[in-house]
Amino acid sequence: MSKRTTHPTSGPLYALGLEGSANKLGIGVLSHDPTASTTTILSNVRHTFVSPPGTGFLPKDTALHHRRHFAPVALAALRDAGIRPDQLSCICFTQGPGMGAPLTSVAVGARALSLLWDKPLVGVNHCVGHIEMGRVITGASNPVVLYVSGGNTQVIAYASQRYRIFGETLDIAVGNCIDRFARTLRIPNDPFPGYNVEQLAKKASENGRTPVLLDLPYAVKGMDCSFSGILAAADIMAAQMFAQDKVLAEGGSLKDGEVRITPADLCFTLQENVFAMLVEITERAMAHVGSRQVLVVGGVGCNERLQEMMGQMAADRGGSVYATDERFCIDNGIMIALAGLLAWETGYETKLEDSMCTQRFRTDEVHIAWRED
């Protein structure tokens, strides 16, 4: 079991955060002064494994990427921060959720640094890291949180020192749905597929063009969502588009009344559909807890259209939406450093023998001891 002891909380404290739950290796240093209630980002270094267009990132390849780049990225983070290892209070690492092999690769690195520098380990829940980083950057006080990424989709609200899950995906995450559709369209993965889908969707309304909203399933089930059927339907439409392209390339013509499908229309339709679902369940959570704030975190939270739609809903309720840019939305080490340091200040440490990773580490399993009701 992890242990709780009393730690000094006077003056600035420094933490090294290590994140590698998916294809991004992020390492950063952050300082927190409990007495002054100030948080300072000292470094935020990231290296991304990018697979060829039309492919995803396999766990074994991603883990190899993290192992190869761990040492240089860690050294760069310390150098950028101007911090020596002996100044660190703790070493924080993502313990889950995420992809097993990449998680384990970074955890091995964290254990090695802990033993080498004689510093305590702090295992961090990836989702809690996103939430705490979002709260610090945006200043949101007690919002309903929409956590949307490649591996997770959850609507969350805080109560009684836990982040309670009000709704979530029943199958694949919304980010995974978008990323896999990017593969179907053979969209490049650099800088990341969701961004490229977003840019294509914007082209659907360029030059005064009216975007075509195609018919896709809408799968909201109570407070939960389902995305696998939507992805399957979008893939079928993409196949029809490719068939149209072939007919036109061979000099043929479309059938009477047949709508010409474009990649931009497909991306626009997918975004409008899945984002509307997310707005719906988030609004119901706001009504339930009586909140007027929405905090959007996770990699998909960078999407400007999602932010716009969520902002319109929040404004209609007399509220506001809080979101960050790609420095803090996309997986990074400083969010792990922040959540880990907050936990360490309350006396939380992870023993070496308890530092194994888990792919299914629920957000509501974490005791949020640093927040008071």
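## Two domains

In this predicted model, the protein is divided into domain 1, which covers residues 13-133 together with 330-354, and domain 2, which covers residues 140-328. Between the C-alpha centres of domain 1 and domain 2 there is a distance of 28 Å.

## Where the domains meet

The size of an interface is often expressed as the accessible area that is lost when the parts come together. Here, domain 1 and domain 2 bury about 1700 Å² between them, and 61% of that area lies on carbon and sulfur atoms. On the side of domain 1, the residues that lose the most area to domain 2 are His130, Ile131 and Ile330, which together account for 37% of what that side buries. Counted by contacts, 21 residues of domain 1 touch 21 residues of domain 2.

Across the interface of domain 1 and domain 2, one salt bridge is found. A salt bridge also joins the side chains of Glu326 and Arg46, with a nitrogen-to-oxygen distance of 2.9 Å.

## A pair of helices

Helix α1 spans residues 59-81 and helix α2 spans residues 100-117, and their axes come within 8 Å of each other while crossing at roughly 35°. The crossing in which α1 passes α2 is right-handed.

From α1, the residues Pro59, Thr62, Ala63, His66, Arg67, Phe70 and Leu78 take part in the contact, and they meet Ala101, Pro102, Ser105, Val106, Gly109, Ala110, Leu113 and Trp117 of α2.

Definitions and conventions. Residues numbered from 1 in each chain as written. Predicted model: local features only at pLDDT ≥ 70, side-chain atom pairs only at ≥ 80, totals over all residues. Heavy atoms only, no water. Axes fitted to C-alpha atoms, helices over the stretch in contact; angles between N-to-C directions. Helix = DSSP H or I, 4+ residues; strand = E, 2+ residues; numbered from the N terminus. Left-handed = near helix turned anticlockwise from the far one by under 90°. Contact = heavy atoms within 4.5 Å. Domains from an automatic or database assignment. Buried area = accessible area lost by both parts, 1.4 Å probe. Salt bridge = Lys/Arg side-chain N within 4 Å of Asp/Glu carboxyl O.
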